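Keep the structure in view as you read.

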Amino acid sequence: MAIDDFGPRGFQLVLLRRMADHRPELVEEALRTLGASRTEMREANRRWQAWGHARGFPRGERRYRAVLGPPEAVLRRAVGDLTCPALLWPVPLWPTLRFEVLCAPGGGAVWNEWLVRAPGEQGPRLSDLDDLTPWSCTVDEVARAFPPARPLEGDAPTRWRLEFTDPQAPPGAARRSAGFTYGLLQYVDGTGAAP
């Protein structure tokens with residue numbers, strides 16, 4: 001698969017490959033939507049990883065521009081005292097989300113890359129554990145809905161975890177942990193979802 005025929009479809013296969021570890025049933029459905037096979041998904045991921053290590057392949061934000069084209073939008077995000085560019089691309093599998101690449105001021109180095117709610121889109125109503133269904137919400141949405149949320153170390157660079165309190169639980173109950181891949185909810189520990 002050459003870079004010219006990789007594009008958004010190939011990039012979505014890369015996202016799905018990482019999500020397949022936790023949500024194989026949702027990934028299978030998404031592959032049918034894309035008209036892709038598991039073999040094609042693995043090959044897209046292999047190519048993406050190889051490009052990341054190849055000499056001469058664009059680095060930082062240029063890597064995403066080479067594969068996805070120009071961003072749909074470039075926003076400014078405050079990170080402490082800094083203002084950083086956030087580049088957004090549409091992701092057809094999740095039409096209300098955007099893939100965000102947060103860059104160091106001045107461009108170039110990528111600080112974060114994940115799925116976020118598209119500007120102007122309303123996220124789901126999150127008030128209890130039953131609302132936390134796989135692929136329904138992002139890290140930021142869960143953190144806002146269940147304060148105080150505390151970030152935990154993920155088991156891979158594309159994975160995040162959040163610890164939070166179930167608002168329906170009695171005082172002193174154990175806190176919950178939600179797992180995310182590329183910023184999209186995959187599971188909540190202790191709710192029957194596959195961790």
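Phe 99 touches Phe 11, Leu 15, Tyr 64, Leu 87, Leu 88, Trp 89, Val 91, Glu 113, Trp 114, Leu 115 and Tyr 182, leaving aside residues up to four places away in sequence; contact here means heavy atoms within 4.5 Å. The model is a predicted one, in which local features need pLDDT of at least 70 and side-chain atom pairs count only at pLDDT 80 or more, while totals for chains, interfaces and linings use all residues. Residues are numbered from 1 along each chain as its sequence is written, and side-chain values use heavy atoms, with hydrogens and water left out.

Phe 99 also belongs to the largest nonpolar core, which has 34 residues; together with Phe 11, Leu 15, Leu 16, Met 19, Trp 94 and Leu 115, Phe 99 touches the most other members. Such a core is a set of buried Ala, Val, Leu, Ile, Met, Phe, Trp, Tyr and Cys residues joined through side-chain atoms within 4.5 Å, where buried means under 20% relative accessible area, exposed over 50% and partly exposed in between (1.4 Å probe, protein chains only). Two or more residues each come from helix 1 (7-19), helix 2 (24-34), helix 3 (38-53), helix 4 (61-68), strand 2 (82-90) and strand 3 (97-103); these are DSSP runs numbered from the N terminus, helices being H or I of at least four residues and strands E of at least two. Helix 1 gives the most, with 6 residues.

Now look at the domains, whose bounds come from an automatic or database assignment: domain 1 (1-57), domain 2 (58-120) and domain 3 (129-189). The C-alpha centres of domain 2 and domain 3 lie 22 Å apart, and 9 residues of domain 2 are in contact with 10 residues of domain 3.
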